[in-house]
Amino acid sequence: MAVVNRSGSFRAQRGKLLLLVLAAAFANAEPANIQVCAACHGEDGAGVGHDYVPIIAGTPAAHLEEALYAYKDGARKCIGVPVMCDAIAPLSDDDIVEMADYYAAMPRLSTDEEFDRQLAAVGKIIHDDLCAQCHVLPTDENVEDALGIPLNGQKGAYLRLALGAYLTGDRETLVPIMSDKLRLLDQDKIEALVHYYASWDPES
Ligand code: HEC
Ligand code: HEC
């Protein structure tokens, strides 16, 4: 009797172990067609060598999903690189969730972009005044719940493109308060912000 029990519970244990191994394998599995994305965003989600391709590694999944839906439904237009929107068009809701989770789980790497310290200091004041309410550091414990996508450590060329797209209307601002704040910016303030966002060190 005792022997049967023991082997029975061993079998149950082994069953549980198998389930755990399978779950881990699926959690780390590459989403199908991720190579399409990697062509521009890179294997590491940093898009090295492509200035206008944003860093998506380590951005919370909820923000990546929101952005992908915005491209899919046309609230965001891909002006510079139309292929990006072509790549998103066929994705199902499940694909979007899976791809967002996949990139969100990657470490956020530094862009190592050069910046001017004085401009960065001016940019920080503008950010704290107009943007910090919604845009927090990638390492902030509330980054997932923040309304906006983390901007610190993002590439300068992409930030200029994105801000330009909101200002021309090629991107809809999903929250009206952001439009009000963006209207207060001029080219000098945008540059100061870009330098401030470049000054962020993921190691800090
Ligand atoms: C041809 C190059 C290219 C391909 C392929 C591509 N992207 Fe992009 N991706 C870009 C560019 C460029 C942007 C910025 C576009 C814009 O807003 O004008 C972008 C933006 C994004 C953003 C928004 C990030 C943010 O911070 O707002 C996400 C998320 C994203 N891509 C995910 C993906 C996924 C997932 C795939 C694969 C299904 C993919 N991309 C395929 C070039 C590409
Ligand atoms: C009331 C909240 C709010 C405020 C204030 C705000 N934003 Fe945003 N921001 C958002 C949201 C929400 C998004 C995502 C919208 C989308 O999908 O395009 C966003 C997106 C962005 C993006 C695109 C990021 C990316 O990775 O694609 C940039 C750049 C940006 N904001 C800059 C700013 C700047 C600069 C300020 C201050 C001058 C600012 N925002 C103020 C809520 C806000």
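Let me start with the contact between α7 and α9, where G156, L159, R160 and L163 of α7 meet I190, V194, Y197 and A198 of α9, two residues being in contact if their C-beta atoms, placed from the backbone, lie within 7 Å. Helices here are DSSP runs of H or I with at least four residues, strands are runs of E with at least two, and both are numbered from the N terminus. This is a predicted model, in which local features need pLDDT of at least 70 and side-chain atom pairs count only at pLDDT 80 or more, while totals for chains, interfaces and linings use all residues. Residues are numbered from 1 along each chain as its sequence is written, and chains are lettered from A and ligands numbered from 1 in the order in which they are written.

By class, the contact of α7 with α9 divides into six nonpolar residues, one polar and one charged; Ala, Val, Leu, Ile, Met, Phe, Trp, Tyr, Cys and Pro count as nonpolar, Asp, Glu, Lys and Arg as charged, and the others, Gly among them, as polar. The axes of α7 and α9 (residues 187-198) come within 10 Å and cross at roughly 140°, and therefore α7 is oblique to α9. The axes are lines fitted to C-alpha atoms, for helices over the stretch in contact, with angles from 0 to 180 degrees between N-to-C directions; under 35 degrees counts as roughly parallel, over 145 as roughly antiparallel, 65 to 115 as roughly perpendicular and the rest as oblique. The crossing of α7 and α9 is right-handed, that is, the near helix is turned clockwise from the far one by less than a right angle, anticlockwise being left-handed.

What is the angle between α3 and α5? These two helices pack at about 135°, with their axes 8 Å apart, which makes α3 oblique to α5. From α3 the contact takes A61, L64, E65, L68 and Y69, and from α5 it takes I96, V97, A100, D101, Y103 and A104; nine of these residues are nonpolar, none polar and two charged. The crossing of α3 and α5 is right-handed.

A104 counts as buried because it has 20 C-beta neighbours inside 10 Å, the cut-offs being 20 or more other C-beta atoms within 10 Å for buried, 12 or fewer for exposed, and partly exposed in between, with C-beta atoms placed from the backbone. Beyond its neighbours within four places in sequence, A104 is in contact with G58, T59, P60, A61 and L64. A104 and A61 are 43 residues apart in sequence, yet their C-alpha atoms are 5.2 Å apart.

Now to the ligands, where a residue is near a molecule or strand if its C-beta atom, placed from the backbone, lies within 6 Å of it. Ligand 1 is surrounded by 26 residues, of which C37, C40, V81, V83 and M84 are the closest; two or more residues of this shell come from each of α2 (34-41), α3, α4 (82-88) and α7. The largest share, five residues, is from α2, and the classes are 22 nonpolar, three polar and one charged.

Which residues come nearest to ligand 2? Of the 27 residues around ligand 2, they are C131, C134, G148, I177 and M178, and the elements giving two or more residues to the shell are α3 (61-72), α7 (156-168) and α8 (176-182). Here α8 gives the most, with four residues, and the shell divides into 19 nonpolar, four polar and four charged.

Finally, the protein chain has nine helices and zero strands, and buried residues make up 25% of its 204 residues.
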